[in-house]
Amino acid sequence: MKTNDYFEKTGTEDEIENSMVENIACNKANAALLVSIIHNNEGLLSDDECFIKKTSYPLENKSSDTGVFGFMFFHQTYHINIKYTTLALICLIFDITMSQGIASFLLAIFGVDYSLVKLTDMEKCIAYKLKEARALSLTELKNSCKCSFTYNNSKCGNLNDDGNCNKWSDSEMIDKAVESLISKKVIKLKGNKYELVL
């Protein structure tokens, strides 16, 4: 693998999950979770990445002796084209155990065994925000209190009624999380903005 390599597959959900088990996630349950997360968090994808659901209608409408038409069967296929580094970041944010292959790939490229890196809730939120925004200054990061972090169709549980996150009022907690992410080689400072290493 190279850092610009993409995971690309067209097929049924089951076929895509099986391919993910071979290349990214360590088991079928993790692969199914990964597909679900990508589907529900498409804001994490870059402009050159895609996850497209296609529905086809193979129809054999043969009439029976009673004159009743047969059933219409829907067949769903997907096309996925996502960077391995994006998939690794999603695994990191959502606590999905990666396969040995992609963990070794990340170790070789970035010098960190991401299969051993664990993120706190605040670190996950920061990584998620940086993936969505591409780069943010510390001030922009602290002002981005609106949360779009979705896990299995539900929010993280720290949101007020207005959609603001009650954890983001603690400036010191954000500072510590940013320092920790830098030490874990998940983010880096470029100029005056933070961006993801992956």
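Student: Is Asp 175 buried, partly exposed or exposed?

Tutor: This is a predicted model, in which local features need pLDDT of at least 70 and side-chain atom pairs count only at pLDDT 80 or more, while totals for chains, interfaces and linings use all residues. Residues are numbered from 1 along each chain as its sequence is written, and side-chain values use heavy atoms, with hydrogens and water left out. Buried means under 20% relative accessible area, exposed means over 50%, and partly exposed lies in between (1.4 Å probe, protein chains only). Because its relative accessible area is 26%, Asp 175 is partly exposed.

Student: With which residue does Asp 175 form a salt bridge?

Tutor: A salt bridge here requires a side-chain nitrogen of Lys or Arg within 4 Å of a carboxyl oxygen of Asp or Glu. The pair links distant parts of the chain, 33 residues apart, with Asp 175 in helix α7 and its partner in helix α6 (residues 138–143); helices are DSSP runs (H or I, at least four residues) and strands likewise (E, at least two), numbered from the N terminus. The closest N and O atoms are 2.8 Å apart, and the partner of Asp 175 is Lys 142.

Student: What is the relative accessible area of Glu 123, which forms a salt bridge with Lys 184?

Tutor: The closest N and O atoms of Glu 123 and Lys 184 are 2.8 Å apart, and the pair joins helix α5 (residues 121–133) to the loop between α7 (171–183) and β4 (187–190), 61 residues apart. Lys 184 is partly exposed, at 22%. Glu 123, by contrast, counts as buried because its relative accessibility is 3%.

Student: How many residues apart are Glu 172 and Lys 176 in helix α7?

Tutor: Their side chains meet in a salt bridge at 3.3 Å, N to O. Glu 172 is exposed at 51%, and Lys 176 counts as exposed at 52%. Glu 172 and Lys 176 are separated by about one helical turn, because their spacing in helix α7 is 4 residues.

Student: At roughly what angle do the axes of helices α2 and α3 cross?

Tutor: Axes are lines fitted to C-alpha atoms, for helices over the stretch in contact, and angles run from 0 to 180 degrees between N-to-C directions. The contact, meaning heavy atoms within 4.5 Å, is made by Leu 34, Ile 37 and Ile 38 of α2 and Leu 87, Ile 90 and Cys 91 of α3. The axes of α2 (residues 28–40) and α3 (residues 84–93) come within 11 Å and cross at roughly 100°.
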